[in-house]
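Trainee: I am new to this structure. Could we look at it together?

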Protein chains: 2
Amino acid sequence: MTEKSAVEEAVPIGEAAKRSGVKVPTIRYYEQIGLLAAPARTEGNRRLYTRTDLRRLAFVRHARELGFDVEAIRTLLSLQDHPDRSCASADAIAQARLAEVRVRIAKLKALEAELTRMVEECACGRVAECRVIEILAEPHRHGTLA
Amino acid sequence: MTEKSAVEEAVPIGEAAKRSGVKVPTIRYYEQIGLLAAPARTEGNRRLYTRTDLRRLAFVRHARELGFDVEAIRTLLSLQDHPDRSCASADAIAQARLAEVRVRIAKLKALEAELTRMVEECACGRVAECRVIEILAEPHRHGTLA
DNA sequence: CCTTGCTCCTCTAGTCGCTAGAGGATGTAG
DNA sequence: CTACATCCTCTAGCGACTAGAGGAGCAAGG
């Protein structure tokens with residue numbers, strides 16, 4: 001340690017990755033696509049992340065975990081920068097995402113049911129009488145599933 | 001109609017797309033990656049799909065709807081061609097997929113809960129007191145979700 | 001016969017959100 | 001001073017398509 005406890009504002013990208021749980025190349029990628037602003041650099045051209053940068057990074061990570069796409073996160077970040085504005089659009093984005101998630105869950109449950117039927121009925125003999133293959137081969141009306 | 005009802009074996013790619021519910025470029029793509037064998041062609045170099053081809057196409061579509069990846073479908077198709085073999089690997093593939101689906105469902109339910117909390121608590125005032133933004137900004141232990 | 005307009009052909013490049021690797025510079029500890 | 005870790009930029013790849021350019025074939029109407 002040279003002189004930590006006192007000031008020690010900014011950390012290099014590896015530390016930022018560790019603290020945020022976002023991988024190093026991913027952080028650089030976010031910067032490249034303009035999702036995160038380019039941080040300050042050292043003399044030696046290395047990125048230095050301040051506490052503020054780290055907070056944004058954590059925000060992005062959390063939002064990605066919730067499945068928001070990059071465009072949505074861009075909007076959410078810019079909303080965060082304007083606390084006086086109405087949060088109606090943030091709400092709309094979250095609601096839209098919630099609707100998507102519910103649709104996905106419903107579809108996956110239908111899949112689960114069909115897959116369960118497949119594996120339960122498979123007596124694991126020859127392919128000729130295999131329910132898995134049979135069900136897949138069945139004539140199938142379009143768009144029932146997925 | 002020139003002479004339909006009698007023989008009328010093969011259809012062009014557009015018809016195949018309509019009947020299978022797989023889009024034209026996707027059918028060509030499946031051929032390109034070797035998931036489907038190249039069908040016969042007319043003198044004028046157009047693809048002609050027989051009933052057998054259409055059956056395979058429907059099989060692939062159904063499998064994709066169930067979320068099997070192309071590699072899994074390759075295996076399932078080759079199993080279908082050997083009805084005398086054991087169907088254990090078909091069963092294994094389906095079981096693996098079922099496990100994946102269950103994991104996805106569990107994760108999505110966690111997401112749903114968190115998103116629901118967000119939108120329910122959002123009083124839709126200013127961003128400053130918006131729960132959606134607030135929750136995203138919260139310090140967050142890694143890997144709880146997703 | 002000829003044009004119109006549809007389907008078809010091949011080929012390349014783009015999508016999304018990363019991830020991997022090459023090839024090199026910089027920083028730090030022993 | 002020499003390892004070695006970490007950092008830099010840049011390009012290419014992943015899966016499963018999708019979009020578009022640029023052209024050929026074909027059936028039907030005038």
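Trainee: How many nonpolar, polar and charged residues does the surface near DNA strand D have?
Mentor: That surface has five nonpolar, four polar and eight charged residues. A residue is near the strand if one of its heavy atoms lies within 4 Å of it. Ala, Val, Leu, Ile, Met, Phe, Trp, Tyr, Cys and Pro count as nonpolar, Asp, Glu, Lys and Arg as charged, and the others, Gly among them, as polar.

Trainee: What kind of model is this, and how is it labelled?
Mentor: This is a predicted model: local features need pLDDT of at least 70, side-chain atom pairs count only at pLDDT 80 or more, and totals for chains, interfaces and linings use all residues. Residues are numbered from 1 along each chain as its sequence is written, chains are lettered from A and ligands numbered from 1 in the order in which they are written, and side-chain values use heavy atoms, with hydrogens and water left out.

Trainee: Which residues come nearest to DNA strand D?
Mentor: Of the 17 residues around it, they are Gly14(A), Arg28(A), Arg47(A), Tyr30(B) and Arg64(B). Of the atoms of DNA strand D that come within 4 Å of the protein, 81% belong to sugar and phosphate.

Trainee: Where does the side chain of Tyr30(B) reach?
Mentor: A polar side-chain atom of Tyr30(B) lies 2.8 Å from a phosphate oxygen of DNA strand D.

Trainee: And Arg46(A), what does its side chain approach?
Mentor: One of its polar side-chain atoms lies 3.1 Å from a base oxygen of DNA strand D.

Notes. Polar contact = N/O pair within 3.5 Å; in protein donor to acceptor, adjacent residues only side chain to side chain.
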